[in-house]
Amino acid sequence: MPRLYRVAVIGRTGRGNYGHGLDVVWKEFPNCKIVAVADENEAGAKAAAQRLGAPAVYTDYQKMLRDERPDLVSVAPRWLDPHHDMVLASAESHASIFLEKPIARTLAEADAMIAACERSHVKLAIAHQMRLSPIILDVRDRLRLGEIGQLLEIRARGKEDARAGGEDLMVLGTHAFDLMRLFAGDPQWCFAHVGAGDRDATPSDTRPGAEGMGWMAGNRLTATYGLASGVYGSFSSALNDDRSGARWGLDLYGSQGALQIRANMDPVIWVLRSNTWTPDKSRWERLPPPAGAEGGQAAGNVRLVTDLMESIEQDRRPLSSGYDGRWSLEMILAIYASHRSGARVGLPLRDRRHPLAG
């Protein structure tokens, strides 16, 4: 018989809400019972409880955790500022956690969150839905089988809409960095530049980010990474005339061809089997998605939660773990550390404070 899990949901109406479906995903699992919801906004808490069928409603998530003692908790707010405290409280109550991305505002916060989960022997899964997408896993397998020969380079771009630059890093870049690591290993170093308009970003350009993201700077940036496999990776985001976001994704270049990933919850993949890397689109083939790949964000959350429960039962890390979430943040903040120093920085960063603070 499958284990039965008591589930609690933490949201924050008007300040991150319930993330990208991290509340309703539990309704897809017959072995999960949502026992309570917490939201500092009383009206929002009642609405969520009705939506989720939760019998208990709280405006204080710490009291909910003490009273209900759930096995699993969704830390759902999209805003980052409460993630650290909510994860620590959940871990201290011995609940495993499904957390909205990105993991935190600073590496010091991420370190503390992971350490708290380790102390309590609970699991922390990050909502990087594309990591477990059958479409992305098919790309990973094609790379391993030499579909485009030896992988040489990965180029990633953010969505480059009105949030281009620093905000793009946190909101959408986090997915790109997660996939870069999935395909080519952990980063060893970063060399980056941050711009504000047509000039270099300076300390005076530092500002608090939207949605509780912490410090950020610039509306254009570019970074190069040396990855463990010997592959070079890059990420760029720049405010420009095209705000459609159509370039968001990754381009993978190999010795015998190229793969193009246009990112989404159901990514679109194109392959070129030629070492010329020709831009002639007639020579590119759109790959059909594997069976069972549809479903978008909701299906992505189901895959992540299924794996989270399996990781508990098998006593292993989730496939989209807190460590993976911290690596994405490491790559994001390394851009600022490199720009401020004017030099290449090694990874992981030694200074766990935000590079733009102070």
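**A parallel sheet and the helices around it**

In this predicted model, Leu99 stands opposite Ile126 in strand S6. Residues are counted from 1 along each chain as its sequence is written. Because the model is predicted, local features need pLDDT of at least 70 and side-chain atom pairs count only at pLDDT 80 or more, while totals for chains, interfaces and linings use all residues; side-chain values rest on heavy atoms, without hydrogens and water.

Strand S5 (residues 96-99) pairs with S6 in the parallel sense over 3 bridges. Here, strands (E, at least two residues) and helices (H or I, at least four) are DSSP runs numbered from the N terminus, and two strands pair if DSSP finds at least two bridges between them. In general, strands of a sheet pair through backbone hydrogen bonds.

Stepping back to the whole sheet, 6 strands form an open, parallel arrangement in the order S3-S2-S1-S4-S5-S6. At its edges lie S3 (56-58) and S6 (124-126), each pairing on one side only. From one strand to the next, the twist averages 25 degrees. Helix H2 (residues 61-68) packs on the sheet, touching S1 (5-10), S2 (32-38), S3 and S4 (72-75), and its direction makes about 145 degrees with that of S2. Axes are lines fitted to C-alpha atoms, for helices over the stretch in contact, and angles run from 0 to 180 degrees between N-to-C directions; contact means heavy atoms within 4.5 Å.

Helix H7 (residues 296-314) has 19 residues. Its buried residues (under 20% relative accessible area, 1.4 Å probe, protein chains only) include Gly296, Leu304 and Ile312. The buried residues of H7 pack against S1, S2, S4, S5, S6 and helix H5 (134-144). Just after H7, Asp315 takes a positive phi of about 50 degrees.

How values were computed:
Expected span 1.5 Å × (residues − 1). Buried < 20%, exposed > 50% of the residue type's maximum accessible area, 1.4 Å probe, protein only.
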